[in-house]
Amino acid sequence: MGRLFTESLTGPRIFKCKSCKMDSASRDDIVSKNFQGRFGRAYLFRSVVNVSLGPTEERVLISGLHTVKDLHCSSCQQLLGWKYEKAYEESQKYKEGMYILEKERMLKSGW
Ligand SMILES: [Zn+2]
């Protein structure tokens, strides 16, 4: 399964996977809350933990064509969002290497 270790986050405000409660991201790593995911509101993060990446895909999103990889919880394999590998429009380049987590699939812990 490629699951070598799990990482715990120590910040005061943590997002966890809703289905298995594994730590996924820290609120301090949110870049934007104004994103649209598959299941409604989604957040852009500069880093996440305990995820596994799916195959590279070309996907047309609201903001244009992007190369993305789906993001799954490394513990329970729940689909959590996606990673931006490449953006083709100059205005979208800042998202490269960042992660989308679906609010619907997250639990807030500690806040
Ligand atoms: Zn999970």
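Predicted model: local features only at pLDDT ≥ 70, side-chain atom pairs only at ≥ 80, totals over all residues.

Q: Is Ser32 buried or exposed?

A: Ser32 is buried, because its relative accessible area is 19% and the cut-off for buried is under 20%.

Q: And which residues does Ser32 contact, leaving aside its neighbours within four places in sequence?

A: Those would be Tyr43 and Leu44. Tyr43 is 11 residues from Ser32 in sequence, and their C-alphas are 5.8 Å apart.

Q: What does the side chain of Ser32 have a polar atom 3.0 Å from?

A: The backbone nitrogen of Asn34.

Q: OK, switching to the metal. Which protein donors does the zinc ion have?

A: Four cysteine SG atoms, from Cys17, Cys20, Cys73 and Cys76, lying 2.3 Å from the zinc ion. Along the sequence the donor residues follow the spacing C-x2-C-x52-C-x2-C.

Q: Where do Cys20 and Cys73 sit in the chain?

A: Cys20 is in the loop between β1 (14-17) and β2 (23-26), while Cys73 is in strand β6, residues 64-73. They are 53 residues apart, so this pair links distant parts of the chain.

Q: Why is the arrangement around the zinc ion called tetrahedral?

A: Because the angles subtended by the four donor atoms run from 102 to 114°. For four tetrahedral donors, the ideal angle is 109.5 degrees.

Q: Last one: how do Cys20 and Cys73 come out on accessibility?

A: Cys20 counts as partly exposed at 26% relative accessibility, whereas Cys73 is buried, with a relative accessible area of 0%.

Note on methods
Residues numbered from 1 in each chain as written. Heavy atoms only, no water. Donors = N, O, S within 2.8 Å, 3.2 Å for Na, K, Ca; no water. Tetrahedral: all angles 85-135°; square planar, octahedral: opposite > 155°, others 65-115°. Helix = DSSP H or I, 4+ residues; strand = E, 2+ residues; numbered from the N terminus. Buried < 20%, exposed > 50% of the residue type's maximum accessible area, 1.4 Å probe, protein only. Contact = heavy atoms within 4.5 Å. Polar contact = N/O pair within 3.5 Å; in protein donor to acceptor, adjacent residues only side chain to side chain.
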